[in-house]
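User: I'm trying to get my head around salt bridges. Can we go through some together?

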Amino acid sequence: MGELRMHAISVHEVRDMFGALPELAAELREIASTRFIVPAVENQPRGLIHKIGPMFKRDPLQIAYPADQPTPRDWESLIEGCHIEGERLVHCWRVVDAWLEARDRGTATFTLSPGEVEAFDFALTRAGLPSQLGLRNLLANDLAIPLRPAQGMRTGYAKNAHVMATHDCLTQILPEVDPEERGRADYLASFLDAFADWTRAAREADAPVPDLVVVWWETARGQQPAFDPTQPIITGRQERAPRPGRHPRPGRSH
């Protein structure tokens, strides 16, 4: 099953993370190092080989990271805006996921295959939503970041005005959505309600208005943990305590 994540954050704030200035770079390092903690057991001597002699001992300054976990080298490369080799793309996207989740105003996660996205968009169009406002069109614009998509994924974003138009129209046609897709439509509408609130709050605070940044793994993510099938189709994470020096983020529970 694929995963489509929507982040309410200005695309300029996303682009600023690559080649980040010192203050932002420090924040990104803190997020990544907190999110990707090395289990203590990974750094313990293994077996008896460490007793044989110095030539077989592990360098005490060399940290062993699990094969599927990002390392400081990954996030430093991203912060510096470096080219990322193919074998590290999934690891680096995990870092970017963590940054987006920590820095956006809210996140919604769909578990959808490409076929289900088509069915959902068709149901919305049949209910009266203009085709240009469908789910796929929320990825219409290029993120224009140095990190390219990994195999099996798509990325993109929708500008604030496009998202607000989607919100306004979806609110009107929601009662007409087919029952089999109504649950997804209700969750999307609820998230876009919150998005509209964040937009108003950003304008009042003279802060960047959020765009909608989308990261879509069309099939199961390569090295990520499997999703729990008992969880809702969409989960939203809204309000977080504001960090010093940042604008508060209004939100509401779904």
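User: Which side chains meet in a salt bridge with 3.1 Å from N to O, and what makes it one?

Analyst: Those are the side chains of arginine 184 and glutamate 181. A salt bridge needs a side-chain nitrogen of Lys or Arg within 4 Å of a carboxyl oxygen of Asp or Glu, and here the N to O value is 3.1 Å, so the pair qualifies. Keep in mind that this is a predicted model, where local features need pLDDT of at least 70, side-chain atom pairs count only at pLDDT 80 or more, and totals for chains, interfaces and linings use all residues. Residues are numbered from 1 along each chain as its sequence is written, and side-chain values use heavy atoms, with hydrogens and water left out.

User: Why is arginine 184 called buried?

Analyst: Buried means under 20% relative accessible area, exposed means over 50%, and partly exposed is in between (1.4 Å probe, protein chains only). Arginine 184 has 11%, so buried it is. Glutamate 181, at 9%, counts as buried too.

User: How many salt bridges does the rule give?

Analyst: The count comes to eleven.
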